[in-house]
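User: Please take me through the structure below term by term, and for each label tell me what makes it apply.

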Amino acid sequence: MTSEVSSGFDEVARSSQRRLQRTAYMLTADAHTAEDLVQSVLTRAHRRWKRIGGLEHPKAYLRTMVVNEFLSWRRRLKNRELPLADLADTPSTEDLSTRQVERDAAWRLLATLPRRQRAVLVLRYYEDLPDDEIATVLGCTASTVRSNAARALAALRADLGATR
């Protein structure tokens, strides 16, 4: 592309970019998506600028390109993107410090257990594994897993009873 053709593109792109971005923003309702849309259009227009620059109203043509690109993005993304529900901007009434205290207490209780019993509880309740898979992971029998779980839960119940 010659420098005078390229400079013509630069001038039109620079003078119409804000208007194109406003149009794209109104279409997409998202500033980042609007910027991507305009960038995509300007990239395509730059490759075809000899033809587009010769038009009577190249800025209007760029605006049409933005709209058409938006419509084609919607068609392409329609089957791949699922809109998420808008999150409410209302603050949570949950006391986060209470939840953190409870979490810390649970960690302290688990730390009192022997390693194998702790591993059994983590694999059973956190990883949601059945006893036979836990046995495979730990290299023992399923009955050993069940007895370790029973002992661990009994110890936790005793510790909880002592603290109440």
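User: Why is Asn148 called buried?

Analyst: Its relative accessible area is 8%, and buried means under 20%, with exposed over 50% and partly exposed in between (1.4 Å probe, protein chains only), so Asn148 is placed in the buried class. This is a predicted model, in which local features need pLDDT of at least 70 and side-chain atom pairs count only at pLDDT 80 or more, whereas totals for chains, interfaces and linings use all residues. Residues are numbered from 1 along each chain as its sequence is written, and side-chain values use heavy atoms, with hydrogens and water left out.

User: Where does Asn148 lie, and which residues does Asn148 touch?

Analyst: Asn148 belongs to helix 8, residues 142-163, where helices are DSSP runs (H or I, at least four residues; strands are E, at least two) numbered from the N terminus. If residues up to four places away in sequence are set aside, Asn148 touches Arg116, Gln117 and Val120, a contact being heavy atoms within 4.5 Å.

User: What makes Arg44 and Glu69 a salt bridge?

Analyst: The closest N and O atoms of Arg44 and Glu69 are 2.5 Å apart, and the rule asks for a side-chain nitrogen of Lys or Arg within 4 Å of a carboxyl oxygen of Asp or Glu, so the pair qualifies.

User: Why is Arg146 called partly exposed, and why is Asp131 called buried?

Analyst: Arg146 has a relative accessible area of 43% and is therefore partly exposed, whereas the 17% of Asp131 puts that residue in the buried class. Arg124 is buried as well.

User: What makes Phe9 and Trp49 an edge-to-face pair?

Analyst: The count of aromatic pairs is one, and that pair is formed by Phe9 and Trp49, at 5.2 Å centre to centre with 75 degrees between the planes. Rings of Phe, Tyr and Trp (its six-membered ring) pair if their centres lie within 6.5 Å, and planes under 30 degrees apart count as stacked, over 60 as edge-to-face and the rest as tilted, so these values give an edge-to-face pair. Phe9 lies in helix 1 and Trp49 in helix 3, so the pair ties together parts that are 40 residues apart in sequence. Both partners are buried: Phe9 has 8% relative accessibility, and Trp49 has a relative accessible area of 5%.

User: Which residues touch the most other members of the largest nonpolar core?

Analyst: Leu42 and Leu62 do, in a core of 17 residues, a nonpolar core being a set of buried Ala, Val, Leu, Ile, Met, Phe, Trp, Tyr and Cys residues joined through side-chain atoms within 4.5 Å. Helix 1 (3-28), helix 2, helix 3 (49-53) and helix 4 each supply at least two residues of this core, and the largest share, six residues, comes from helix 2. Leaving aside neighbours within four places in sequence, Leu62 is in contact with Val12, Ser16, Leu20, Val41, Leu42 and Ala45. In soluble globular proteins, nonpolar side chains tend to be buried together.

User: Why is Gln39 called partly exposed?

Analyst: Gln39 lies in helix 2 and has a relative accessible area of 48%, which means that Gln39 is partly exposed. Gln39 is 22 residues from Gln17 in sequence and 9.3 Å from Gln17 in space, C-alpha to C-alpha.

User: How many helices and strands are there in the chain, and what percentage of the residues is buried?

Analyst: The chain has eight helices and zero strands, and buried residues make up 24% of its 164 residues. Among contacts between residues at least 6 apart in sequence, 57% join residues at least 24 apart.
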